[in-house]
Each structure stands twice: as C-alpha cells, then as structure tokens.
Amino acid sequence: MSTTRAITKEPETANGDGNGRGHSAVHTLLRLWPYVRSVRVRLFGAALVAVLASCMGLVIPLVLKWMVDGPIADGDSRGVWLGALWLLLLGLGEALLFGLRRWLVARPLAGVEAAMRADLYRRLQRLPVAFHDRWPSGQLLSRATSDLMLLRMFLAFPLTFLLVNAVTILIGVIIMLVQDWSLGLVILGPAVPVLIVCIVFERRYHLVARRAQDQVGDLTTVVEESVLGIRIIKGFGRHRSQARAFHELARTLRGTELHKARLLSSIWAVIVTLPELAIGAALILGTVQVADGDLSAGTLVAFLSTALALRWPVDSIGFLLAMSQDAATATERYFEVMDEPPEGTLEGVLEGARGTARPAPTGPAAEVDRGLRFHNVTFRYPDAPTDSPPVLAHVDLHIRPGESMALVGTTGSGKTTLTALIPRLHEVTSGHITLDGHDISALPREQLRSLVAVAFEEPTLFSATVGENVLMGAGDDAGDAELRRALSVAQADFTHSLPHGTDTQVGEQGLSLSGGQRQRLALARAVVGKPRFLVLDDPLSALDVHTEAAVEAALRRVLADTTALIVAHRPSTVLLADRVALLSGGRITAVGTHHELLRTNTEYAWLMAGAEEETALDATARAPGDEDDDTNGAAESGTHTGTDGDADSGTQRGTGALTDDGRHGHADARTDTGAGTGTGTGTGTGTSNGSNSTSTDSFEEAAR
Amino acid sequence: MTAPTTTAPTPDDEQPALATTSLPAPARAPEDTDDPFGQDALPTPKGATAGLLRSLLAPMKGRVALTVVLLLLQQAAVQAGPLLVAYAIDRAVPAFRDHDNGPLVAVGLGYLFCALASGGLQYWFVSSAARVSQDALLDLRGRIFRHAQALSLDFHERYTSGRLISRSTADVESLRELLNDGLQELATVALSFAYISATLLWLDLGIGGVAVASLVPLYLLIRSYRRRAGRVYALRSTAIAAVIVKFVETMNGIRPVRAFRREAANDAEFEALNRHHERKNGDAILEMARYVVGSRVVANTAVAAMVLWGAHRVAADSLELGVLAAAVLYLRRLYDPIDRLGMFLNSYQSATASLEKISGLLAQTPSVQEPSAPRELPVRESEHPGREVVFDGVRFAYRTGGEVLPRFDLALPAGQTVAVVGSTGAGKSTLAKLLARFYDPTEGRILLDGVDLRDLANSELRRGVVMVTQEAFLFSGSVADNIAIGRPDAGREEIERAAKAIGAHDFISALPEGYDTDVRKRGGRISAGQRQLVAFARALLADPAVLILDEATSSLDIPGERAVQRAMSTVLNGRTAVVIAHRLSTVEIADRVLVMEHGRVVEDGPPAELVAGTGRFAQLHRAWRESLV
C-alpha cells in the first residue's frame, strides 16, 4: 500500500472542543447534577474542609512572624516552644484535614462513577441494534472507562480546588495587604500575568496534546495492522514500505511532542522567573524597610513564606480549567449516548409513521395467517438517506406452520437483514410481519423474542460455561435434559471432552473454540428452548462434511415441527428446508423447492451451481417448455409451488471424509483485547478484524 | 520553587491507570501454559534491559550530559534564593543602616541573576530533556516495529498479536509517560532534596540533621505505600479489566444479547463487576489519601521541629535570624513535592516493567534471516512464467519439539497446479509456509529454480513466491491501496484489470467511492468473501512465479469461487500453483493432487488417476459425488 493512513478519529462526534466555551462548559457540567446529588453533602463538606486546610497553611507564616518578632527577638524560650507547638498543631491539622477531604469523597465519588457506568451499560443494552452498527465498541468503551474516570477526577479535584484556590488566593492577598500593602503589591504583581499566561498556555497545550494523542492513535493503527497483517506484509515483502509509513508517523509524533515540550518549557520559564523576580524585588524593598525600621524582620519572613504558599494556587488555575474543559467534553460524550432513545421508546413514532399497524388479533388466527408471514415489507436502514434504494422492498413471504424455508441470495442481497427483522433487531420501514397472525410490532419485544430463536452467522459465545451459553436460549426452567438434547442436535459432543465438560468456561476469558465448534454451540442455543419459530443464518458454514451431515440429520427432526427460516449458501443447507425463497435485488423473486428452482430459475442455478456452463448438467433434466425463465424481477408469487416432500435425497454422504470434526489447534478467533483499550482516543478493542479463522480444515463439498 | 506543577497537581489519584492497564492476557488453551511464549514477559537475558537503555542513550551521550549539567546548574540557581534572603537579613540590613548599599545591591543583582538563570536554564533543560526522551522513544518505537516485522511467523503465531501490540503501544506509552512527565520531575525532586539538605546542614547542623533524619520515616512511608498501592492497584486493574471484558463482550454480541433477552441478566452481572471495581477503586483512592496524610504529617512535624531548634538557637544568639528565615523558606520547598513522589514512583515502576518486557521482545532473534550474500534467480528461459519448486530432504519440527513434517522429497515442475488435501493437522499449511519461507526447514532445503530460498533476498523471493491465505486482512486505506500492496508501482488501470480478472470489479465499483473507498470507514463494509477477492486481486497484481493459495476461497460463495478458478486458468495460467482447499471443486482444476496425512504425502497423482483408484481421495471423491443432487 502506498501509505497506511490511519483513521482513529471519533466517528460521529468530532465536536471541536478546547476553544473556550466557558459558558457552555458549565452548562454541560451541570448535567452531572443528578448523579452528584446523592453525594452533595459530602462533596460540599470536602470543599469546606479543603478551604479550612488551605487557610491553616496560610496561618503558618503568621505564626512564624509572631515567633520572629516576639519570643525569638526577646529570647523567650517558653514562647519558642509555644510557637513550635502551634506550628505542629497547624501542620497536623492541615495534614489531617486534607486527608479528611479525600476520605470524605473517595467512596462516594467512586460510587458516582460506578452509577454512571451502570446507567450507560443499561442504556446501551437497550439502544437499537442500528445504533450499535453505527458505533464501534471501542468508542463506547472509552466513554465507559476513561471518560468516566475523568469525570470522577473532575469532581474530586478541579471542582473543589477551583473554589479552594480562589478562597486561598483571596485570603492570602488580604493577609499580605493588611500587613504591608506596598510589599504585598510587589509580591502580588506577577500573580495576574502568571494566571493569564497559565490559562492561555493550557489552552494551547491542550490542542497540541490532543493532536499528539490522535497521532499516537494513528501510530497504534499502523502497529496493529502490521501485526495482524504480518502474513501479507511478509508474503509480499512489504515490510520496508510499512516501516517507512511507520517512521513517517513516528517522526511526526516526535515533532508534536517536541512542540509540546517547547510550550512546556516556555511556561516553566515564565512560572519560575516572574515570581522569583517579584520575590527578589520584595526582598530588596523589605530589606530597606527593615533597615529603616518600618518593617519587622518577622513580617518579611512571613511575606516571603506566604508568597511561596500562594504559588501553587495561582499556577494551577490554568491546569484546573483545562481539566474542567476536558470533563465537559467527557460529559458531552457521555450524554451523547445517554440521550439516544432506547429501543422501546421509538415505538410510538414508528407506529405513527407507518400507520398501518393492526392491533394484535386476540382470537385464533385464520388458517391463511398461521405461520410466519411477511406482508409487503420494506426496509431501509434508519441512518440511510431516504432517497436511497431500500435494502428490502415489498417482500411478501409466507412460511407455513411447521414448514422450513431456506433463504438464498448473492452476498449483500439482504438475507441477514431480513432475518434481523423477525426478532425486531431492526424495525421494518413499512409493511408488517406476523407470527400466527399477530403483528410482531404489537407484541412486547420480550415475548416476541421468547417465541423466536436465532442462530447468527457470527457465532458469539459469552464468557460463561458451555452449558450457560447454550441454556441462554431457554427459559429459566430448562435444565440438564434440555442441554443434552440441544447439544446432541447440534452434534456438539466435543463439549463432553472439554476439560470440565459443559462446565468449561468459554468466550473471551475462557477456552477458545474453533469456528465450527462455536457455530454448533450457537445452534444448540437456538434450539434448546424448542422455539416455535427458528431463524438460522447460515448455520453450518463452518462445519466439515462429516459433521454437517450429522447435524443435518438431527436438525431435520427439530425442523419437522418448527417454523423456520434458514439462510443458506450451499445446496446441502438448502436441502434442510422444505422450500427455498430466492432474494434478489431486495425482493423475493422466486419461491419453490430446490429442484424446481434449479430447473426454472437461472439466477438460482447460477448461485447454487456456479458458472453457467455447469447448468448444462441440469439442462437434460429441464422441461422443454420451461426454458426462458426470468432471471429476476417479475416476482412470481411466493405461493404457487407446493412442497414436494422428497428433498431428502442428498444427505447420505461424507462417510469417507478424511477428517475429524473440525477441531482445530490454533483457533485464535477471539478478539485479542489488551492492546488499545482506553488510550483515550478510542483506538478500540476489537483489534483482530478479519482473522476469524473458521478453519474447518477438511473437505467440504461443493455440491451442485 | 522547583515544582510549579502546571501539569501535575498533587496526586488525587493516578491518571495513567487505564492507559497502562492492559487487560490480562486471555487465558490460553491449556497446552500453551508451559510455553514461554504463552507469557507476557519473554525470558530476558540478564542485563538486557540495562543494555537496551544504554544503547538507546549512547548516540546522544553529549546531549544527555548537557541535560544533566543544565539540571545541576538550574537547581543551584533556584536554591540560591533563600541564601540570598539570609544574606540580606543578616548582612544587608546592618550594612544599609550603616549607609553601605553594597550588600543590598549585591543581593538585588544576585536575585535578578538567579531568577533569570533559573528560568532560562529551566527552559533549556526541559527542551533538552524532551529532545533526549523523544529521540530515545523514536528509536525505541522504530526498533520494536522493525524487530516485530523481522521476527518470523512462528514467533508471531505463538506470541499472539495482542501481546505484540501491547508491547509496541501500551508499554511504549508507559515509558513515554515516565519520560515526559515523571523522570524530569523525579530527578528535580531528588536533586533539590539533596541540595537543600546539604545547604541546611551547612547552615546549621541541627536543622540539616532533622531534614536528613526525616528521610527515614519518609522512606519507610513511601516504601509501605508502594507495596500497598501496588497490591491495591493490581486488584483495581483486574477489576476494571473484568468490567471492560464484560462491556466489550456485550457490545460486540449485542444481537444475541437482544435475541436471547439477556439484558436483565447482563445488568446484574455487570452490576456485580462494577460494584467490585467501585470498591477497589475506593480502596486505591484511600490508599493515596493515607499516603498523603502520612507524608504531610512527617513533613509538618519536621518543619515544627526544625523551627523549634532554629528558634532556640537564634534566641540564644548562636544562630543568625537570616539563617532561620532561609531555613524556613527551604523547608517549604523541601517537602512540597513529597506528595507527588509516590505517584512518580508508581509510573517509574510500571515503566521499568514495560522496558523489561520490551527488551525481552527485542532479545528474540528471528529464525528466518535474510541472506548476507543473496543470489539472483536465474532468468526465466521458458515461455511460461512459472518456476520449478523442489523440496530436497526437507524435515520440519517446531523449535519446542514436535515434528510436523517428517523428512520428504517433492518436486513440482514449473507451471504445474498442485492441489493439497488432507485433514486438520496433516501439515498442508506448514508445507505452504515453508514454500513461502515463513519458516525455514529444520533439515534439507527448498529450491526455486535450483536456488535455495534461504539464498534469495527478500525482494527477489517475493517476486518469486506469493501466498494468499484464508484470513484476508485489509489495511486501512482505500481498496485500491489494498490491491496495490501486490505491486506498489502499479497504476489504477492495472489495479482495475486485476480486480476485473478475479471478479471483484463489480462489487468494488458499487462501493460508495469505488476503488477509493476507505475500507475502514462506514459504508465501506466489505464481507469476508469480498475481502478474499481483494486479496486475490493483490496476488494477481504481484504476478508471482509461484502462487500459494491456503484455503483462500473458504469464504467465497459458489459464483465467487468459480470466478477465481477462471482467473487461475487464464490470468495465472502457466504459474506454478499450490492450492490448499477443503472443497473438492477446487481440486478439479489441479494437474496433480497430493493427499497428506500426519505430515506425509500418502497419495500423489493426477486427479483422474486418484479418483479411479481405491485410495483415500477416491473414497472422498465418491462420497462427494454421491452427495450431488
């Protein structure tokens, strides 16, 4: 590749921040109030304590002054002891009060962070699937981790200390001016310029730091790709160009970091020099006054000491403001997700838009309505422009009770999308879907999803035991018997030879299974609850011939009395079903048995048999009159063909396969997290794209 | 004043917690646990870490020395201030009373000089230190990257991508944090402590003595804090890691979560993990609070003690007032940065651990090395572009033992298409990887037109042999960029020709921006099958003499597979091809079939001949035939 440019920017959000929107930042931060409310007493208490502690720090110089001018000058050793005791008490008081402040807020703020995280998680689980399609999980994760951590730190620190510092500075200034206003003015002279310089600096520094962070993200992308794509890089001998791209980015990053360092060194120079100059001037002035007897030596010492005590409060304000700005951004990012309406609340809106929804009929459904039925269903992704062609258009399909229907179509024809409509992972744009005559949009989702079980194309296992993963598909009353039955249907006998049998932990943190193994567990999960309606998305793709045949035989029994929709890519899978529907250009263009469609539909024949010349094989079997069938369009209605029971012919096979059941050594298909979780910019966690090695390393048929 | 802390306030708690929290490496399959590569830290030779540091700093010895000198001078300038105060009070005041302005002017000039010098030197020091650390980081990043790229595939397969990525990201990041924020501060704090203690000792043995003595409780405090904090932080990162895993797992599996109504159960599970983390998080913050209280108590007690001592001495006239004033000013500076010290030490600790892991990685030697005196491939004299491949007495075993391919000989004439079939673990992929020189054979040699692969320069080898694998990884960039990996100097026209030949043109044209569609952007969603077609186009563009396909059609649908086969019989005609496939349809285009079992070739012949026989392949083929409708 010429260059591997990396994109780790925010997807949708990219809200330009950092350009001083003080007002709106406050406004944004106020949204945190509901979470802070419950801990407000402790939070304000802590601020009060911090103010108190800071003031104690300011009293210490006064004690020194008293000691120098009083007991020390008088040689009064009792007074010296007394002064030292005061110092000790004030010091201990300061230390304990600061500790008390931390103790007051530590647990409550950890609680706020956790509560916000739990709310986010709860909300995310209930946002429409379309939302998740749009948002990479890394983006969501960075909101749940680094952003919330930032918010907790904001509540613990800048929020308190902006107040504390303001009070400290005010009191310090008053103390100094009261004692000697001319010296006070000299010492305070640089405070304002330093404050301004710090604020300006933080703003600029922030921008550069953000840029550096983005560049680190870019660099990370190149690193990840170069590791994940190592076979390609080595295979094509491209490591030199890859290294060049890397070096270019690393060099740019170095430039930005040096820029950062330059800013940093300038601010240090200012922060170090200006106050020192003021102290120097105060020293000269003070010395003269002391010599003239206008000022006591103790006051001079107290002055210099107070000046030191005030430096951190002044210097840190810029930093605290920058941190608050960050917190505002984090709050924005958090509520960006929290403000999305969850799945259920969309209902009314959609209903209104569609207007055609019928109330769920209460009585027993008419015979024609029984089974799973698509009525003129059109679907367009919610975020797609309204003038774009819909993914599915006017789909009519009727799967009779107990019937299984295969769904066939080219890659990208919308098969998976169609299956997602049934459990309402997506909502139809128009038209409706009925289960035994009940409009699914009128059913509560919970109920609908307990009626329909799905096995997805990408078999996801959760971090739990094998048994728990499978039983997820059943109600709470399901037990060992159901588990055993489901495992045997899915031919997942390998589970019994796992280290702890069906109690073996799998998923992200457990044993990694091969693609074929995961697929069988997903299938078991779909069938374990004996659902009335079953949706299988290419359920056997990762299995080898031998296993596939066995699964099919077992699945056939399950399918006998289940209404099922099965997405299929290969003839062997198609043959599981009673009938086949061909999805083409977003429409159902043909429905019939496998053999019928092979004969009558060239697109279907092409899909199932490959090249056109291969259909010569079928040409002999073709009825002379059936020749010039439509390739697509012309939706010949989905109802005219009947089932012809003997779809069974193609199942005995695979006896001599050279293989075991697709068990596999290096099954490394899980996401290897651990890389970029939470570097802040959202480099994301799902690093291992495209390396799902399903690896059923055995012969698989290419039946025609 | 040494630490204005614009960037680091007193530690509320550690910021870098997440950045450096790499998730615990996922538990590997049981057989991996004894493998040293199964662990995060590779066996590191003794002294490798120090050696790495030395070699990173060696090229900039001068600058490092300069930086150190700058810091020494800067601190001297900064710490001179209170001494001038002492001088002013004890000398300038009486002198001024005697109408001698000399000392006062001296103090003024001295203070002016010190202020300017400390500011200027600070500027210089920070820039110079940044240069050193950024150059070292650049060097280190480059080294890790190049080294990871140079390491052979067997290493990558065992060490896993996740570990390798966190070595070059999270670990470098924790070093960067130390270098950027921590190290300068740490050095400054240490140096100022040394300067101030020395000055105090010189001013007054008693005051200085207390300062030095206070080091003991501080040291104990820091030590105990680090021990306890280390434990608490480890617990906390485990807790947050569990939260993250649950979170990511839910979001990535949102469809099954929804379809199987897991929301409530997940809420409960997440709540438990989240609460656990909340507790650990609170523990960590409280640990820090405890440390801060402790260090402040020590510091403030020491200050009181020193003032008491000093005041007594002044009151008894054995110490001058100015010296006490100077001491008081010093004390503030002495203990100010103590709070932050704990945090710096934390980041120091994690950076050390990271550096150690990195040096362990860099200590690995690639098992496949480029030749020192490369040879050229002979000019192709025949009309077809393929080359002859000979496995000459080849045996392959992993370094950890375990023979994969027992000794064998095999000759593939130029231009032949060879299908390799066999079950899992039969050694098909190993054979392919040996031919692509991803591994070197344990014994014997592999010859390409008579030249040992090990004698070929990398670029020459890659013109000769190209391998397309099942996992068709796409790099960020456009589709065209991805195809052009095959031959970076190819023009758009050639890229499109390759895509057309493999049947990928149609879907690419249908993408939002055609060939310029960014594969990582939304709208550029490319299915597994389409990725494989792009990978094929890439190989086609590379135009190799020998093409290896390792299950490269596994995700294609039937029409896609046909297109690939057509391309192989037209565009790739005449190439030597090794095809590993699990679909027998692929085998049909082969001139020759090798059936492998337990690392051995058990059958070898033209497909028709094998089918006619009674062997494994014949059985399999018969079963497949019967399954056809």
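**Figure 1. Val454(A) stands opposite Val535(A) in strand S9 of chain A.** This is a close-up from a predicted model. Strand S6 of chain A covers residues 452-455, and strand S9 of chain A covers residues 533-537. The two strands run parallel, joined by 4 bridges. Side chains of S6(A) point two ways: Val452(A) and Val454(A) go one way, Ala453(A) and Ala455(A) the other. All four named residues are buried.

**Figure 2. Helix H7 of chain A spans residues 158-179.** Buried residues of H7(A) include Pro158(A), Leu159(A), Thr160(A) and Phe161(A). Further along the helix, Val164(A), Asn165(A), Thr168(A), Gly172(A), Ile175(A) and Met176(A) are buried too. An α-helix has 3.6 residues a turn, so residues three or four places apart point the same way. The cover over the buried residues of H7(A) includes helices H3 (40-74), H6 (137-156), H8 (181-188) and H12 (297-338) of chain A.

**Figure 3. Four strands of chain B form an open sheet.** The order is S2-S1-S4-S5, and the pairing is antiparallel. Strands S2 (403-412) and S5 (451-452) of chain B stand at the edges. Each has a single partner strand, so one side of each is left without a neighbour in the sheet. Strand S4 of chain B, residues 443-448, is joined to S5(B) by 2 bridges. Leu447(B) has Asp452(B) in S5(B) as its bridge partner.

**Figure 4. Helix H12 of chain B lies across strands S1, S2 and S4 of chain B.** The helix covers residues 428-435 and runs at about 120° to S1(B), which covers 389-397. Leu434(B) belongs to this helix. Is Leu434(B) buried or exposed? Leu434(B) is buried, because 22 other C-beta atoms lie within 10 Å. Leaving aside residues up to four places away in sequence, Leu434(B) touches Val394(B), Phe396(B), Tyr439(B), Pro441(B) and Ile446(B). Glu320(B) is another matter: Leu434(B) and Glu320(B) are 114 residues apart in sequence and 84 Å apart in space, C-alpha to C-alpha.

**Figure 5. Chains A and B are each assigned three domains.** In chain A, domain 1 is 27-180, domain 2 is 181-294 and domain 3 is 369-626. The C-alpha centres of domain 1 and domain 3 of chain A are separated by 57 Å. In chain B, domain 1 is made of 46-204 + 343-366. Domain 2 of chain B is 209-318, and domain 3 of chain B is 389-627. Domain 2 and domain 3 of chain B have C-alpha centres 54 Å apart.

**Figure 6. Chain A has a mean pLDDT of 76.** Of its residues, 78% reach 70 or more. Over residues 1-22 of chain A the pLDDT is below 50, and this stretch has 50 contacts in the model beyond near neighbours in sequence. Residues 346-363 of chain A also have pLDDT below 50, with 19 such contacts. Where pLDDT is low, the predicted coordinates should not be read in detail. Chain A holds 23 helices and 12 strands. Of its 704 residues, 56% count as buried. Among contacts in chain A with a separation of 6 or more, 81% join residues 24 or more positions apart.

Technical notes: Residues are numbered from 1 along each chain as its sequence is written. Chains are lettered from A and ligands numbered from 1 in the order in which they are written. This is a predicted model: local features need pLDDT of at least 70, side-chain atom pairs count only at pLDDT 80 or more; totals for chains, interfaces and linings use all residues. Two strands pair if DSSP finds at least two bridges between them. Two residues are in contact if their C-beta atoms, placed from the backbone, lie within 7 Å. Axes are lines fitted to C-alpha atoms, for helices over the stretch in contact, and angles run from 0 to 180 degrees between N-to-C directions. Domain bounds come from an automatic or database domain assignment. A residue is buried if 20 or more other C-beta atoms lie within 10 Å of its own, exposed if 12 or fewer, and partly exposed in between; C-beta atoms are placed from the backbone. pLDDT is the predictor's confidence in each residue, from 0 to 100. The expected span of a helix is 1.5 Å times one less than its number of residues.
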